Amino acid sequence: MDQLSVEHLLGIKYLNANDIDLIFKTADHFKEVINRPIKKVPSLRDITIANLFFENSTRTKLSFELAEKRLSADVINFSAGQSSVKKGETLIDTVNNILSMKVDIVVMRHGSVGAGVFLSNHVDAKIINAGDGTHEHPTQALLDSYSIREKLGSVKGKKIVIIGDILHSRVALSNIYALQLQGAQVKVCGPTTLIPKYITSLGVEVETNLKKALEWCDVANVLRVQHERMDIKYFPSTREYTQLFGINQEILNNLGKKIVIMHPGPINRGVEITSDVADSDQSIILSQVENGVAVRMAVIYLLAQQIKR
Ligand code: CP
């Protein structure tokens, strides 16, 4: 059987093109499964998975939980807000206590960059990074690429622009790695204050003019402004941000071509994207969410195949 080249999913940085291909082929199978009247397979009946969320989440947490249940795994959920982390327990102590309950796979979202790598070096379980601070969000990038492939036939040769708060975005970095591995061209567009200086060293071009960026691309992946990670002002006002970098129907109508609109969520309607665009037939935002379940089933299934019993 084909295997992933990695023991954990810590970031797209650690994957190769064959891994992505394998994940997508496996996800194709699971997408067919979850559209059947009986949406469940017994593949992981003897596997226990802990979902550890130290940061808020709607889509990723629910999507992982549903993926795990569709694979018939046993699932336990942990949210830092209602846990003994509030009483001063360390990450390693928290996780080791959970692992002593015979957990095989840990899905973790954490505010610190590298938290997944740290955990993988200290505990005996498969680790899946569900977002580590401003660093990587690998399953989001996989489901994003999978959705582009579904909509446009392939990712290879496509022109993708990632728009908005690149500086604080784990989605941006994971997308850049994933898209380039599959042979796409990537640009970023946003206020210069929200574009990290190192970005060009990744082979990504910077475009600060939204109209030019949209004219160039086949797909625009629009990001949320992450006010919660900002300790200083990066632009004068939200109104000015929306005027310069907000996507609305008028801008799209003037392009003379129909581009694909994506957003990882949660959306700030009326800030980075208007409601009419988010809900239009150009938007694949809800397909991204739907595909997230199949892609996460594929990642969990492939890592679980490596567990020795
Ligand atoms: N896309 C994403 O990570 O959304 P959540 O924060 O709701 O999980």
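## Ligand shell

By class, 1 nonpolar, 6 polar and 2 charged residues form the shell around the ligand (Ala, Val, Leu, Ile, Met, Phe, Trp, Tyr, Cys and Pro count as nonpolar, Asp, Glu, Lys and Arg as charged, and the others, Gly among them, as polar). This is a predicted model, in which local features need pLDDT of at least 70, side-chain atom pairs count only at pLDDT 80 or more, and totals for chains, interfaces and linings use all residues. Residues are numbered from 1 along each chain as its sequence is written, and side-chain values use heavy atoms, with hydrogens and water left out.

Ser 57, Thr 58, Arg 59, Thr 60, Arg 109, His 137, Gln 140, Pro 264 and Gly 265 surround the ligand (a heavy atom within 4 Å). Domain 1 (12-137 + 289-304) and domain 2 (138-284) each supply at least three shell residues; the bounds come from an automatic or database domain assignment.

## Polar contacts and burial

A polar backbone atom of Thr 58 is 2.8 Å from an oxygen atom of the ligand. Arg 109 places a polar side-chain atom 2.9 Å from a ligand oxygen atom. For Gln 140, a polar side-chain atom lies 3.0 Å from a ligand nitrogen atom. Alone, the ligand exposes 260 Å², of which the protein buries 91% (Shrake-Rupley method, 1.4 Å probe).

## Annotated residues

An unreviewed UniProt entry annotates Lys 87, Arg 170 and Arg 224 as "binding site". They span 138 residues in sequence, and the farthest two C-alpha atoms are 32.0 Å apart, so they do not all gather at one spot.

Notes
Polar contact = N/O pair within 3.5 Å; in protein donor to acceptor, adjacent residues only side chain to side chain. UniProt positions renumbered as here; feature names shortened; annotations may be inferred.
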